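The following exercises concern the reading of a structural model. Please inspect the sequence and the structure before working through each solution.

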Amino acid sequence: MNLFDLLSARRSVRQYTKEPIEHDKLQQIAAAGLMTPSSKNLRSTEFLVVEDRALISQMAHCKPRFGEMLQQASAAIVVLGRLESHAWVEDASLAMFAMMLEAQELGIGSCWVQVRHMVSEKIGPDGKPLTSSKDLQELLHFPEGFEVEAILSLGYPLHPIRPRQLADARPFRVHWGKWE
Ligand SMILES: Cc1cc2nc3c(=O)[nH]c(=O)nc-3n(C[C@H](O)[C@H](O)[C@H](O)COP(=O)(O)O)c2cc1C
């Protein structure tokens, strides 16, 4: 599929069949994330691929309501940034998008679950809600010095996906020359 068709075809998919995703396809999706550029070539992004449905389901609690699709997901990739890079958010976001496109190419539905700046439904020792990233750290045991940018929720789409038309993408947002 050419790139523009792939961009049109990719939509957020939040309902999945129960079919597991083949391990080699998950490897290919993660590989797409590895292939993205990074600021100063620091490669600040790390990937935690989770296939255990029970664990993925627990991850949903880190993002009340907007992470609910994880309850049905066949797999999830937690995308983390090494905080010592000033551009870890941009690096991680590029990796997320590359993986979304790769998933689409493989016929797998995906949805970005935002984690950075979000809070969990769990309350921390100080009586305040835990950040979503801290909640995930307690569950997944990643080391200090990292923060979760987002989770990529994955599964075979339960329903056909309607491609986006360029006309629906608000093309008037492209400005030429001076903005006037
Ligand atoms: C940075 C970012 C954060 C997002 N966070 C969530 C989220 O937490 N939960 C969710 O269901 N969708 C999330 N989405 C998906 C958007 O809602 C979706 O991309 C948007 O509505 C456009 O629809 P489309 O992906 O089908 O083109 C996120 C998307 C982006 C790019």
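**Exercise 1. State how many residues of strand 6 are buried, and explain what this implies for the strand.**

Solution. Step 1: helices (H or I, at least four residues) and strands (E, at least two) are DSSP runs, numbered from the N terminus. Step 2: a residue is buried if 20 or more other C-beta atoms lie within 10 Å of its own, exposed if 12 or fewer, and partly exposed in between, with C-beta atoms placed from the backbone.

Two remarks apply throughout. Residues are numbered from 1 along each chain as its sequence is written. The model is predicted: local features need pLDDT of at least 70 and side-chain atom pairs count only at pLDDT 80 or more, while totals for chains, interfaces and linings use all residues.

**Exercise 2. Determine the order of the strands in the open sheet and identify the edge strands.**

Solution. Step 1: two strands pair if DSSP finds at least two bridges between them. Step 2: the open sheet has four strands in the order 1-2-6-3, with antiparallel pairing. Step 3: strand 1 (45-50) and strand 3 (109-114) each pair on one side only, and they are the edge strands. Step 4: on average, neighbouring strands of this sheet are turned by 25° against each other, direction ignored; axes are lines fitted to C-alpha atoms, for helices over the stretch in contact, and angles run from 0 to 180 degrees between N-to-C directions.

**Exercise 3. Describe the pairing of strand 6 with strand 2 and with strand 3.**

Solution. Step 1: strand 2 (residues 75-82) and strand 6 (residues 146-155) are joined by eight bridges in the antiparallel sense. Within this pairing, V148 of strand 6 is the bridge partner of L80. Step 2: strand 3 and strand 6 also pair in the antiparallel sense, over six bridges. Here L152 in strand 6 stands opposite W112.

**Exercise 4. Locate L70 and decide whether L70 is buried or exposed.**

Solution. Step 1: L70 belongs to the loop between helix 3 (53-59) and strand 2. Step 2: L70 counts as buried because 25 C-beta neighbours lie inside 10 Å. Step 3: leaving aside neighbours within four places in sequence, the contacts of L70 include I56, A76, V113 and I151; a contact requires C-beta atoms, placed from the backbone, within 7 Å.

**Exercise 5. Where is H117 found, and is H117 buried or exposed?**

Solution. Step 1: H117 is in the loop between strand 3 and strand 4 (119-123). Step 2: H117 is exposed, because 11 other C-beta atoms lie within 10 Å. Step 3: the phi of H117 is near 75°, a positive value in a residue other than glycine.

Methods:
Contact = placed C-beta atoms within 7 Å.
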